[in-house]
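The sequence and structure are shown first, and a description follows.

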Amino acid sequence: LLHELHLLETIDSTNAEALRRIAGGAGAGLVCCAELQTAGRGRRGRTWISPYARNMYLSLVWEYHEGAAALEGLSLAVGVAVVRALDRLGLPALQLKWPNDLLFNGAKVGGVLLEMAGDATGRCQVVLGVGINVSMPAAAATTIDQAWTDLASIAGSTPVSRNALLASLLNELLPLAAGFSATGFTPWQAPWMTLDAYADTAVILHSGEQRQAGIARGIDSRGALQLETSLGVTSIYGGEISLRVA
Ligand code: BTN
């Protein structure tokens, strides 16, 4: 399933590089990894802090033919695959925060950013971007505005090899990417729910200037957050929304 693996020294963003390679004709099975990102991208237009040779910055390209609607839930499935990849390395169990933050004891270890190219109703290419803090230097992290941690801190005495991490991630992500159009999100719903850090927790949903308080009740078979309020349960779809503990 792996077609091309590019191990880059310095790049603006592995997602941006993958999108440029798609524009140049690359397709399914292209992977870009970098030691350093000068303009790492996070969700909601944020910067992903990406110091040299310490972390994992990975982008995998896959191509689909059924349009963007068939890819609903893919980013949540990527979160599950990343947790499994870390689990296989013997790391303590991580959890997911909707839609796809990787958490350890409530602190963020990594995140997922999907970007798309092509025709939203037909043939499209998706970049699955994964960032994991492996051994984040504290000096680089002063601008991270939320609780964070890294694999080195949670692994205890077992050193974490970035080579082993890359192999484990690709072992989980390639079959997921290749199989998703056949299965859709449905088989990923239950596994995601078992990893849900905010299950049955009082939360505040942030969406632009709007705030909505409720209780997180997991996700549905499309990956939509189930937010329980006094009005009942509402399905919240991804996008520019974030969740905070109330
Ligand atoms: C998030 O905000 O939680 C998502 C972070 C995603 C970061 C990764 S690092 C590799 C890939 N390239 C990028 O520029 N971003 C993603």
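## Contacts, core and domains

In this predicted model, A77 touches L176, F180, F185 and W188, when residues up to four places away in sequence are not counted. A77 also belongs to the largest nonpolar core, where A77, V78, V82, L128 and V130 are the residues with the most contacts inside the core. That core has 64 residues, and α2 supplies its largest share, ten residues. At least three residues of the core are drawn from each of domain 1 (4-194) and domain 2 (201-245). In soluble globular proteins, nonpolar side chains tend to be buried together.

Domain 1 covers 4-194, and domain 2 covers 201-245. Their C-alpha centres are 23 Å apart. Where the two domains meet, 13 residues of domain 1 are in contact with eleven residues of domain 2. On the side of domain 1 that touches domain 2, the elements giving two or more residues are α2 (74-88) and α5 (186-194). Of the elements on that side, α5 gives the most, with four residues.

The table lists the classes of residue on the side of domain 1 that touches domain 2.

| Class | Number on this side of domain 1 |
|---|---|
| Nonpolar | six residues |
| Polar | four residues |

Notes: Residues numbered from 1 in each chain as written. Predicted model: local features only at pLDDT ≥ 70, side-chain atom pairs only at ≥ 80, totals over all residues. Domains from an automatic or database assignment. Contact = placed C-beta atoms within 7 Å. Nonpolar A, V, L, I, M, F, W, Y, C, P; charged D, E, K, R; others polar. Core = buried A, V, L, I, M, F, W, Y, C linked by C-beta atoms within 7 Å. Buried ≥ 20, exposed ≤ 12 C-beta atoms within 10 Å, placed from the backbone.
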